[in-house]
Every structure is written in C-alpha cells, then in structure tokens.
Amino acid sequence: MADLVKPSDEVVNNAYIKDYESLYRDSLEHPDGFWENIAKELFWYKPWDKVLVGKHPYYDWFAGGHTNIVANAIDRWQKTDKKNQLALIWEGQDGKVKQYTYQQLNEEVSRAANALKSLGVKKGDHVSIYMPRIPEQTISMLACAKIGAVHSVVYSGFSVQALKSRIEDAECKIAITADGYHFRDKLVETKKTVDDAVKDLSFVKTVVVVKRTGNPVAFTEGRDIWWEDLVSKQDSICSTEMMDSNDPLFILYTSGSTGKPKGVLHAHGGYMVGTYATSKYVFNLQSDDVYWCAADPGWITGHSYIVYAPFINGVTNLIYEGPPDYPDAGKWWSLIEKYKVSKFYTAPTVVRALMKYGDEIPQKYDLSSLKILGSVGEPINPEAWEWYYKIVGKEKCPIMDTWWQTETGMHIITPIPSLPLKPGSACKPFFGIKADVVDEKGNSVPVNTQGYLVLKKPWPAMLKDVYKDPKKYTDLYWGKIPGTYFTGDFAKKDADGYFWILGRNDDVLKVSGYRFGSAELESAFVEHPSVAEAAVIGKPHEVKGESIKAFVILKVGKQPTDELKTELKQLVRKLIGPIATPDEIEFVTALPKTRSGKIMRRVLKAKELGQPLGDTSTLED
Ligand code: WTA
C-alpha cells in the first residue's frame, strides 16, 4: 500500500473541511474565534461572556454561558421536522428491536427525568448507572443531564468491588440497573452485583431496576423499584434545567498508573462544543446518516460519541447490544447491511478479531452504505488498518484513527476525511489543539524520535478536575512537565507532521481497548490469602493489543499449583470483572524493585519480552 492514502475526489467534495492545513493554522492563531464560531451553531439560554478564562491549570470554557447538553441533543429538534426522524434504533442480542424518533426520545427522557425528580434527585446530585447496552442506559444518562444531576456510569463488565468503590467515591444516592442481560449465552446478573455492591452503603436510598431478561431477582423492600412501574406513570413533559456552562455533567472513573481509578469530571458547555465539533468534522456527520459507534455507553467513547454528540448532530444513532461474533462472525456486518449504516466506529481489537475469520465473511454482506470508518482506543496496526480499509470499506471509506482519552473528552489527534492518511498513524491534531512530542524537560524532540505526547493549550472538552482529588489533577496531568498536559502516551512525529502513537509510558494497560492500571490489578491479587505480592504487566497480544501477565510471590508455605492459578484468575474476575481476567500467571520468589521498594514493572516487561533492561541504576539488587 502506498505510504500516503489519498481521499477520493468524492470524499473531499463532500467534506465540511476541504483543506486541513489552512484551517488548522487559523485555529491556532485564533483559537477562541474558532471555538466560538462552533459554539454559535448550538443553543444557549444565555451566551458566554468569554470563550476561555482560568487560572492554569483550571479553565472555564464559555464562561458565563448558560446551556444544557440535552437542550442541544434533544430539545432543539422538537421545534423542527427532525422530531419525526429516527433518533435511536436499538437491537438486542435476542433480535428485539426498539426505535425512537427524536420526539419519542424526548418523551422517554422526560419521563425518566420526572421519575428521578420523584425520587428526590436534584441538580448536582449523583446517580450511578450500571446497565447493559439497552436503550434505558442512554435514556438514564440523558435524563440525569436534563435535570442537572451528575451521572456516574459504570461499565456492566465490571464486578462488585469495582462498582462499589465507584458508587462510594461518588456518593451516589440512587443506582439504576437491570435485572440482568445475556452476554452470548451467559446470563449476567447485574442486579445481584448491585445488591452486593451497595449492601454496606447506607446512603444508597433507591435502586431502580429495568426488566431486561425477566429472570427472578431479589427485591429489597423500600429500596428497590421497577423502572417500568416508576417511569411509565410519569408525565412526558419535563423542563430542562438551565446549567452554567461549567456545571458538572458526569464523573467517569478511569484507571491510572497509581492506586484507585480516578473520577474524571466533565462539564456541560465545553464538552458539548468539543464533542459536537469533532464528531461533525471527523465523521462528516450529515442529518441523514445512520451512525453506529459500536462501543458501550459505559466508556468515554460511548459517553461522547454515542449518548451525546450524535444526537447533537441530529443523526440516526444505532445501538446494538451484543458482541461482534455471536451467534456468528458476520453479525455486525449483517447489521451494517440491515440498517444501511453510513458511519461505523469501532476498536482495533474488534477489527483484528473479525479479520481472523477471513475475508469471505464481510464479503457476504452488502456494505456499500458505508462512507467513513472509525477506530479508537489503541493503536491500529497497519495490517488491521489495511484489512479494514480494503475488505470492509472497499477502498472508498477513509479510516478515522482517532486518538483521545477519557480525560480529553473529545478527539485530539485524528484525521479528517479530506486529509491524506497514513495507515497506523492517528494523523494530525484537531483544530485548536496544540500537540507536541517532547523529552522530560518539555523540549520538542527531533522528527521520528520517540518522546512524550503532550498538549500545550487547553481544549473545550478537557476534564475539569479529578473528583475529590484535585492534587491528582494538578500533579499527574499538569505537573510532570509544567505548563503542559501530560497524556501518558509515547509518540513520534514524522517529517510531514503526522503523529504516530506508540503506547503508554506509564503503568496503564490497554486490553481489548479496556483501560486498567497495574496497581489496581495487583491489589486484586493480594486479596487472596496465599498471595504475598504481585506485579502486573501488559504483553503484546495479537488480537487484544495487550494481555495481562501477573508475577506472583506466594506467602511462606503456600504451594504454586495450577489450581491456585485458576483460583487467582477467578478472584480477579470476581473483584474487578471478566474483562480483567489475566492471561498468564507466573509464580516467582522475588520482584525487581527500586531501593525505595517500588516494583520496577518496566524491568519485568523488558525481561519478559527479551528486550534490553534499560537503566537499572535504581534497581535494589
Ligand atoms: C489509547 C479511549 C493509539 C491511548 C478513547 C490513550 C489510542 C488511552 C488511541 C486512553 C488511538 C486511544 N491510537 N492509542 N487511536 N485511542 N488510545 O481513556 O493510550 O479509555 O492514552 O479513552 O487509549 O484510553 P481511554
């Protein structure tokens, strides 16, 4: 394949932005003007006084402005013909289909919002959402935002401990869940997980339960209530709360290199403008698009690019409940054919997994509706890129390899459709974004040299803070190289200014696109009575991107058996979730440590991969 993959004339002609370079230059010279013009396309109860104010590293975007992200995602369409357009098409793994026009979505969200109000939820209150990929998950999130409540969504692949610590940290008085769901042919009992998670958390007053499977669940009198009983009797009209642009919208927990997951806090105004602009320009969104982002709303990709941005752009949004290869490896391709999906957004791990089944499977389906393909969550290797481009997109659909994070809220390094692509490169900074690759001191490194990826200017959808832990916000993100935002990724920039993301430079793992911290996994291992210490690293994996390998030191007298390995795997599944299941466990008698006692995972990893050990001067032994 050619080094540079040029877009067709048709793609360029249809693109909102035909010339990346000139607009990019302009946007850096006048960032406020660039963002202001985009914000003007949206509805504000009261316009902002200033686009950006703040005292580094705390920034207020659209300061003084009043809006609500739901006023733009749903309300503003009600006065137009769009109210009759399909907003959401949902299909369950069992083939059940539900469809909502923008008007019906408004009514459902309003009922759910009134239901929350009837439970005493007010502006600023925190609501935990732990649900499978069903319409009520999206509706609950929108309902919270509508009344100014702050949602804290926990992905349904997490287990008790992970859920409990998140509900506890965010002090959620209400939890919304479902009686369960089927993942492939296995019943996942979400309600039971919630019961276990909240049993010692007396501040949780109400658990709302959606009936998804109809399997019997335990009900706690006075605390639990069926969604169906609560929501159906509510009025379908509910006024949207006017929010300050910088009022909180949600907390989303994500793993870092140290300790417990951090509560990343996002606000209404800047997040709304940033996700709207990026989705519009990167996916070239049009009113008649059938857009399918196949992530889960429980992750940032789902928050930004399923629950909010597509509706703000007024497209028809598809959500499918099941995995890509169940009941067969053609499932997702069949959905693209069935619903005539035009914009499709998934993760490299999915592309690699489906690629393994061969070209014939996607070739059986009519994928001609596709116009743009997206990739997110981890680096996409050139082989997977090429397969996605040729076999899925038939060399007609540009691939948007979008680099961003829970913290950035929106795409940061990304192609746009009119930009020539380089397979495996996330291409260039989005408009208004000043990105660089630097050394420890913050100096730009020469071209094609690995360094730290940093951002040198604030951007609208940036995190506002780490919930209850501002020190983490200032130190971890803004303190490593003063004045710049430290992403935690390695990258290099080539002579054409294209960025190549080279993976994390901290102890964060990306397993099938899921983000974990080594420390978080290690603490699950040491919960076992036989384990004295554990160290976790990520190892390159053909499909998952990275797999989890643990080195475990047992307590004196404990035997390193295969049964114990199985038990440990089960323990991690139980505490964190099936998505965190370790691939490999090795029993060892010592771990490489610094003189101050910190495990040197970098050394473990280098040794495991047969690479040079690097600087070992701080190694204790
Ligand atoms: C990685 C996901 C390479 C990166 C939206 C980042 C990527 C972390 C890409 C954030 C990409 C995300 N190419 N790496 N296109 N997109 N990453 O918070 O390491 O779950 O720091 O957000 O995923 O993961 P998070």
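On a 1 Å grid over the protein atoms alone, a cavity is a set of points where a 1.4 Å probe fits but cannot get out, whereas a pocket is an open set with protein on both sides within 12 Å along at least five of seven lines; lining residues have an atom within 4 Å of a point. Grid points are joined across faces, edges and corners, and a volume is the space filled by probe spheres set on the points. The structure on display is a predicted model, in which local features need pLDDT of at least 70 and side-chain atom pairs count only at pLDDT 80 or more, while totals for chains, interfaces and linings use all residues. Residues are numbered from 1 along each chain as its sequence is written, and side-chain values use heavy atoms, with hydrogens and water left out.

**Cavities and a pocket**

A search of the whole structure finds three cavities of 30 Å³ or more. Select Leu476, Tyr477, Lys480, Arg504 and Asp506 to reach the largest cavity, which has a volume of about 140 Å³; of its 15 lining residues, these are the closest to the centre. Helices (H or I, at least four residues) and strands (E, at least two) are DSSP runs numbered from the N terminus.

Next, go to the second largest pocket, which holds about 450 Å³ of space. Its lining comprises 26 residues, and Glu10, Val11, Asn14, Lys371 and Lys396 are the closest to its centre. Helix α1 (residues 9-14) provides the largest share of this lining, three residues.

**The nonpolar cores**

A nonpolar core is a set of buried Ala, Val, Leu, Ile, Met, Phe, Trp, Tyr and Cys residues joined through side-chain atoms within 4.5 Å; buried means under 20% relative accessible area, exposed over 50%, and partly exposed in between (1.4 Å probe, protein chains only). Select Trp35, Trp292, Tyr308 and Phe344, the residues with the most contacts inside the largest core, which has 145 residues. Helix α11 (residues 300-312) gives the most to this core, with eight residues. A second, separate core of 47 residues includes Val150, Ala197, Phe525 and Val552.

Now centre on Trp292. Leaving aside neighbours within four places in sequence, Trp292 is in contact (heavy atoms within 4.5 Å) with residues including Leu318, Trp332, Val341 and Phe344.

**A three-stranded sheet**

Display β30, β31 and β32, which form an open sheet in that order with mixed pairing; two strands pair if DSSP finds at least two bridges between them. The edge strands, each pairing on one side only, are β30 (531-541) and β32 (584-587). Strand β31 (residues 545-554) pairs with β32 in the parallel sense over four bridges, and Phe551 stands opposite Glu586 in β32.

Two helices come next, with axes taken as lines fitted to C-alpha atoms, for helices over the stretch in contact, and angles running from 0 to 180 degrees between N-to-C directions. Helix α18 (residues 562-575) lies across β30, β31 and β32, at about 130° to β32. Helix α19 (residues 601-608) also lies across β30, β31 and β32, running at about 55° to β30.

**Two single residues**

Select Thr190 in helix α8 (residues 190-198). Thr190 is buried, with a relative accessible area of 0%. Finish at Asp94, in the loop between β4 (86-91) and β5 (97-101). Asp94 is exposed, with a relative accessible area of 53%.
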